[in-house]
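Visitor: Could you take me through the aromatic rings in this one, slowly? I'd like a close look at how they pair up and where they sit.

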Amino acid sequence: MQRQGKAKTPRRPGHKKTSNTEKDPVGVYCRIRPLGADDEECCVEMISNTTIQLHPPDGLKANRNGDFKETQYSFKKVFGIQTTQKELFEDVAKPLIEDLIQCKNGLLFTYGVTGSGKTFTMTGSPGQGGLLPRSLDMLFNSISPYQAKRYVFKPDDKNGLEIQSQVDALLERQKRENMQSVPKTPVSSRQKADPEFADMISPEQACKYDSVDEDSSYSVFVSYIEIYNNYIYDLLEDAPFDPIRPKWLGGGTPVRNTEFVTPQSKILREDQNHNMYVAGCVEVEVKSTEEAFEVFWKGQKKRRIANTQLNRESSRSHSVFIVKLAQAPLDADGDHILQDKNQVNVSQLCLVDLAGSERTSRTRAEGNRLREAGNINQSLMTLRTCIEVLRENQMCGTNKMVPYRDSKVTHLFKNYFDGEGKVRMIVCVNPKADDYDETMLVMRFAEMTQEVEVARPVDRAIYALPAGRRHRNQAFKEELSRRLEERGGPSNPDDPELMNQLIDSLPALPACELLDATDDQTLPRLVEVLERRHRIRQMMTKQFSKAAITLKSMLQDFDSNFSAKENFIHDQRGKLGEKDKVISSQKTELERLENKSKTLEYKIDILQKTTNIYEEDKRSLQQELETREQRLHRELSERKRMEQRMQGMVADTKHKWEKECERRVNAKQLEMQNQLWVKDEKLKQLKAIVTESSSGSAGGGPTERPDKPQRPSREKDRPATQKRSASPSPMPGDVFKTRGGGQAVQFTDIETLKQECPTASSSRKRRSGSGTDDQENRVPAASSSHVYQKRRKP
C-alpha cells in the first residue's frame, strides 16, 4: 500500500511589489578620459550624449580567432573628452547639493578601472577643481549668511546633534581655545589655502543656491574615512606618527612607547533611526570653503596610494568624504535658535572615490600590493552582488537577503539603497584597447545598476512658525540702532554736549536782578533754587560715590582675577616655554631623522634600481636558459627518434638482406648440385664405355648394353652423422632432379634438396656476397636440367 505524501502549498509566481513610496532609478553617468598618447588604439566611441559603443581591438580578434560585434551601452548622460569639470558638476553634483540644503541625503561615487580618472573627477587639480571642492564651495556660498556660531551644534557621538545655548557655546569655544597649546590661526588670515588646492575654482565658476530657508541656522560638519583591506580608518584622527610609515629606531627596531599607538580600525553601528555610521569618527565643524579644504587635504595626505604598472598614483583604498549639514529653525523673535532637539534636521552627502579594479596579471602586483588588489576586487564584487540581488528583488518580487555585511563599503551605504536619498554613479572609462576586457565588465555593471530603484526623498516638516522672522529681527535691530544714533552718541565725560544735557536737567535759576535794597523775594528764591540744586548735586554725588565704590570693588575683583589669570598665563607660558624647548628638540631630532630617512630612501632607491637591473638580468638569463633547455630537449628527443628510426631501418635492411642472401645461396646450391650431377653422369657413361670395351676385347663377343644407366645414390655415400640446417624459406619455381633410373624428379622442399646435395653447403659462404635477381637464378637450374636430359638420350 502506497503511503500518501504530505500536501504542499503550491508556489505562487513572483510579482513586483507595489508600494506607495515613489522611487527613482539610480542615476548612472559615463565620463571618457582622453588617451595617454595619440598613437594608442581606441576601443570606445561616443555615439550620442547618452550612448557609447565598444569596439573590440584587433589583437583580441586575432587571439580569439573570431570577429566580435560592437556593443552599445546607454547612460543617463555621457561626457566626452572635451567635458569640463564645471559642466560635469552642474549636471551631476549640483542637484545633490540643492537636495542637501533641503534636508535630503545623497550618495555620489565614482567607479571604473584603475587609471580611468576617478580621483581626478572627484578631487581635480589646481585650476580644474573636481566635484568635491565645487560641492563645498556651492554649499558655503549658499548658507554663509545663515551659519550659526561655532559649537552651537554639538555631535552626540551617536550620529546625532545637540543644540547648546549661546552661553554654553561661548564657554565651549573658550575651553577649546585654552586646550590648544598653539594659538589658533584667525579665519581672516587663513584665506590662502594649501598650494595643492590653490585656485581650484575661479570666482566666475562659483555657484549658489537661492532657495535657502532664511529662518533657519546652519552648520557644516565633515569627516573623512578610508576603507583599506576591508578595515575602516579615520583619516582625520590625530595619530602620533604616520600609520603608513611608522618611525623606526636604529637597527630596524620599532618604537615601543605606549604613547605611540597605531590607529585602530573603526566599527560600523546603527543609530536609533536605523542608519549606519562609523562609531568614534572625528567630525570637524567647518565655517568656510578654505577650512573645509584644509581638513580634506589633511586626510588626503594620509590616504594610501602606491605605484603600479598601470597607474603611477593608484588608490589602494576606498575614500569616503562625508558632508553633514545641520539645520534648526529660529525662535519666534528670529534672534536665537529654537532649543528643541527634535526640530534639528540633519542631512548628509557622501562623496566616494572607489579604488579601481585591476588584474594582477597586468599590474604584476606582489606582496602587499597583491593583497590590496584582492581586497579591492572582492569589495567591488560584493557591491556588484548586492546590486544584482536588489535588482532581482525589485523586478521579480523576490525577498532574497542582500549581502550588505560581506563588505564594509556596502554595509556603510546600506541606508541609501534601502532607505531614502538620491544615488548617483559616475563610470569613468579609459578608452585604450588594453582595458577592453575590464571596461566591458564595468559597462555591464553600470547597465545593471541603472535598473535598481531607490526611494525618492520627501520634504521634511519644519516647526510651524511665521516666515520672515530673521528679516523682521534684522530690520528691528537696524531701526533701533538708527534711533539711538539720532538720540545721542556713545557716553564721554569730556563731551560738552553731555555736560549741557546734565545742566539742563537741573532746576532752572530764577531772575537774579535786584531792583532795590529792600527786595526780599529775589534772594530767597535764588537761595531756594540753589539749595535744591545742592541737594540734587549731593544726591548725584552719593549715587556717583556708590557707583564708584561698586565700580572700584568690581575693578578690584577684576584686578584680582586679572592677577590670577596673569599668574596662570605666566605658568602656562613657562610650561609653553618648556614645551617649546621640547618641541625644538623634537624638531631637531625630527630633522635629523628626516635627513637620515632621506639618505636611507636614496640608498633604498639605488638598491631598488640595482635590484631591478639584477632582476631583469636574472629574468633574461632564465628565459635564455629555458630557451636553451627547450632546444636541448628538442634535440635529444629528435636524436632519440632518429636512433629509433635508424634501428628500425637497420633491422629491416638486415632482415631483407638475410632473405636475399638465403635465396641466392639456395639458388647457387642448386646450380652447383646440377653441375655435380652432370659430372657424375659423364663419369658413369665413361666408366660404362670403358667396361664395355674391356669386356669386348676379353670375351671376344659383344655384350649387352644396359638399358638405363643407374645413378648411384648420394645418400648412401653421405655420412650418417652429417646434418644440414633447415632452410629459412623454399625457393620459388620448380627444381628437377634425376634419380637412379634417369628420370627427372620435381623438388619443392628446399630441405629435401639440401639433404640430397650436402656438398653445396660450402659454397654458401663464398657466394653470399654476390647478388642476382630471381630470373637469373632460375636460368642456370633450368639449363643444367636441360643438359642433363639431353645427355641421357643416347
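Guide: Let's start with a word we'll need: a residue is called buried when its relative accessible area is under 20%. Keep in mind that this is a predicted model.

Now for the rings. Two of them pair if their centres lie within 6.5 Å, and by that rule there are 6 aromatic pairs here. What does the pair link? It joins distant parts of the chain, with Y111 in strand β7 (residues 106-112) and F445 in helix α11 (residues 436-449), 334 residues apart. Check the cut-off for each partner: Y111 has a relative accessible area of 7%, so Y111 is buried, and F445, at 1%, is buried as well.

Next, look at F413 and Y416. Their ring centres are 6.2 Å apart, and with planes at 65 degrees the pair counts as edge-to-face. F413 is buried, at 6% relative accessible area, and Y416 is buried too, at 3%.

Rings can also join up in a group: Y224, F296 and F321 are linked by ring pairs into a cluster.

Note on methods:
Residues are numbered from 1 along each chain as its sequence is written. This is a predicted model: local features need pLDDT of at least 70, side-chain atom pairs count only at pLDDT 80 or more; totals for chains, interfaces and linings use all residues. Side-chain values use heavy atoms; hydrogens and water are left out. Rings of Phe, Tyr and Trp (its six-membered ring) pair if their centres lie within 6.5 Å; planes under 30 degrees apart count as stacked, over 60 as edge-to-face and the rest as tilted. Helices (H or I, at least four residues) and strands (E, at least two) are DSSP runs, numbered from the N terminus. Buried means under 20% relative accessible area, exposed over 50%, partly exposed in between (1.4 Å probe, protein chains only).
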